[in-house]
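Have a look at it first, and then we'll go through it piece by piece.

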Amino acid sequence: MALALDEQEQRWLDGHDGAAMQLAMRLVLAAAEVSGATSFVPIESAHINSCHYSGSLSLDFAEFLLAEGAVLSVPTHTNASLISCDLPTLRPEAATPTEVAGARRLMEIYEALGCSSMWTCAPYQQPEGRPPFGAHVVGSESNAVGFTNSVLGARTNKYGDLLDISAALVGRVPFVGLHTDEGRRATHRFDVSGLSDVWFDDPNLPHLLGVVVGKAVGAGIGVIDGWPSAGEDELKALVAAGAAAGGVDLVHVVGITPEAPTLEAASGGVPVARTTVVGPEDLAAAAAELTTAAGDEPLRAVCLGTPHFSIDELAELVDRLDGRRLAEGVTMLVTTSRAVAAEAALRGLDDRLAASGGSLVLDTCTYYPPRSTGIDGFTLTNSAKWAYYGRGMLDVPIAFTSLERCVESAVAGRWV
Amino acid sequence: MMGPLVLEGRWLVEGELRGAVLRLDEPLSFWGGFDPVTGRIIDRSHAQHGVSLAGRVVAMPGSRGSSGTPGVLGESIRRGTAPAAMLVTKADINLVAGSLTAAALYGTSCPILLVASEVFAGLVDGARVAGPPTSSL
């Protein structure tokens, strides 16, 4: 069945509402044709990554939208930028002038288009970024897509650059994939019930489980069975690692995530096609993959907050530091959102972090180039996602370890 | 001399498709795997690392699209380092979006033709091919 356009869609496509809306509709229509969709579904909100500078096309496209009268159809939130507005020394303009100036201009344009300035990869850590259960939305950044689908039960496919903002402009997406009931059914069960309690108490478990699921699930939809309990920070780590290691856009957790009260519910009443029993050796293999350092190098940097730290994670960090100073020569970069930083300031957490020598970094992340100031050698992270990307993109030895060991190592000046 | 093999397939982005096939042995992610400045494959794990795609009819098996793909492909189209056209076995919206946007912004695109796996399997590296008719012809 061919896709029939309504009057408004046809108007946009014919260019009656300007060249920007025409291109947006053309891209959303192309997405429908490519995916074989036969209808569109209206969306309620969008979280876009097109605002993250990725070369001249991203900037030229945004300038085009602004000049040609683009109008948003839904509330639209911004993913992290390449730069931090209040910490220009993080990625100095002198080192990469085109990228930094481009990123700054891109932030201005998306604000001028009417996007809300969240500049975070974890929009779900603030009320406006949490679409209700069952809502159709546009997600782009991979962990946010995973969290929105898995933990909130709102529905989105992973929309790439250009397409995400186009969908926000026309307020609709092709009705396929994770927007449909059938597309959300678990097909691959990961049985973790045989793991010992030591593992279930291990803060690294969600990260490592995410890597295991990501590498094994392929194009299927995973469901984790036998995990006794997990809060939002653990689920964030799970989906972020799964997305980094294997493009996971949705993973159910039996008894924990909203579409998986039972295994049967998660799989839509159909028996799963595959079961993988996850054992300690699988988790150890995942951990080994995340560390490239020998471990005895002098520690230079500790990167935390990928995805952006929640207020609870920030409070735990500050409590663990407990006023102690970082060792000489160690840089600690803690990425988070403006919203979490504002709450941290109310609670005095920012001052306590600064007193220990740590830096709160807003609007951006540290795992991608150009390399952030301070990441000039052996770097520790408590994030599987950071480690997964950082090992390929940053050209420094890295190691993945728990927040507790990140803190103790930062104070000691070596990996402990 | 025989004329080019006229391919059957479905246009994802219509345009001029004519030339010698450069067949990739494995999927390529443009983001992180291709340098739009030089037009070469920079993914060290790719079997054809270092090969230039500029101006070639690139036959790509499967897809390794990422959300950064449109930016890289679009940038290479702008710079003139992109493939002259692409033959794919799997429709990838990120390639299509990059090409369509370059067409709107710069007036030049990279035509993309979706071909069946059997057609792809029969493509020999260096074979001269041409695309099917476009709607505008």
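## A helix pair in chain A

In which hand of crossing does α3(A) pass α4(A)? The crossing is left-handed. Bear in mind throughout that this is a predicted model.

Helix α3(A) covers residues 56-67 and helix α4(A) covers residues 97-112. Two packed helices are described by the angle between their axes and the distance between the axes. Here the angle is about 30° and the axes are 10 Å apart. An angle under 35 degrees counts as roughly parallel, and therefore α3(A) and α4(A) are roughly parallel to each other. On the α3(A) side, the contact is made by Ser58(A), Leu59(A), Ala62(A), Glu63(A) and Leu66(A). From α4(A) come Gly102(A), Arg105(A), Leu106(A), Ile109(A), Tyr110(A) and Ala112(A). For a bit of background on spacing, an α-helix has 3.6 residues a turn, so residues three or four places apart point the same way.

## Chain A as a whole

Zooming out, chain A holds 16 helices and 13 strands. Its radius of gyration is 21 Å, close to the 22 Å that the globule rule gives for 416 residues, so chain A is as compact as a globular protein of that length. The C-alpha trace spans about 65 × 55 × 35 Å along the principal axes.

Of the 416 residues in chain A, 55% count as buried. If you take the contacts in chain A with a separation of 6 or more, 78% of them are between residues 24 or more positions apart.

## Two parallel sheets in chain A

Chain A has an open sheet of four strands, ordered β7-β6-β5-β8, with parallel pairing. At its edges sit β7(A) (251-253) and β8(A) (274-277), each of which pairs on one side only. From one strand to the next, the twist averages 20°. Strand β5(A), residues 188-191, pairs with β8(A) in the parallel sense over four bridges. If you want to find that pairing on screen, look for Arg189(A), whose bridge partner in β8(A) is Thr275(A). Helix α8(A), residues 205-217, lies across β5, β6, β7 and β8 of chain A, and runs at about 140° to β6(A).

There's also an open sheet of five strands in chain A, in the order β11-β10-β9-β12-β13, with parallel pairing. Its edge strands are β11(A) (358-362) and β13(A) (398-400), each pairing on one side only. Strand β12(A), residues 379-381, pairs with β13(A) in the parallel sense over three bridges, and Thr381(A) stands opposite Phe400(A) in β13(A).

## An enclosed helix

Just after α6(A), Gly171(A) takes a positive phi of about 70°.

Is Phe133(A) buried or exposed? A residue counts as exposed with 12 or fewer other C-beta atoms within 10 Å; Phe133(A) has 11, so it is exposed. You'll find Phe133(A) in the loop between α4 and α5 (142-152) of chain A.

Leaving aside neighbours within four places in sequence, Phe133(A) is in contact with Leu152(A), Gly153(A), Ala154(A) and Pro258(A). Of these, Gly153(A) is 20 residues from Phe133(A) in sequence, and the two are 4.7 Å apart, C-alpha to C-alpha.

## Chain B

Chain B has four helices and nine strands, running β-β-β-α-β-β-β-α-β-α-β-α-β from the N terminus on. The radius of gyration is 14 Å, close to the 14 Å given by the globule rule for 137 residues, so chain B is as compact as a globular protein of that length.

Taken along the principal axes, the C-alpha atoms of chain B fill a box of roughly 35 × 35 × 25 Å. Of the 137 residues in chain B, 44% count as buried. Residues 24 or more positions apart make up 79% of the contacts in chain B with a separation of 6 or more.

Conventions. Residues are numbered from 1 along each chain as its sequence is written. Chains are lettered from A and ligands numbered from 1 in the order in which they are written. This is a predicted model: local features need pLDDT of at least 70, side-chain atom pairs count only at pLDDT 80 or more; totals for chains, interfaces and linings use all residues. Two strands pair if DSSP finds at least two bridges between them. Axes are lines fitted to C-alpha atoms, for helices over the stretch in contact, and angles run from 0 to 180 degrees between N-to-C directions. Two residues are in contact if their C-beta atoms, placed from the backbone, lie within 7 Å. The radius of gyration is taken over C-alpha atoms; the globule rule is 2.2 Å times the number of residues to the power 0.38. A residue is buried if 20 or more other C-beta atoms lie within 10 Å of its own, exposed if 12 or fewer, and partly exposed in between; C-beta atoms are placed from the backbone. Angles under 35 degrees count as roughly parallel, over 145 as roughly antiparallel, 65 to 115 as roughly perpendicular and the rest as oblique. A crossing is left-handed if the near helix is turned anticlockwise from the far one by less than a right angle, and right-handed if clockwise.
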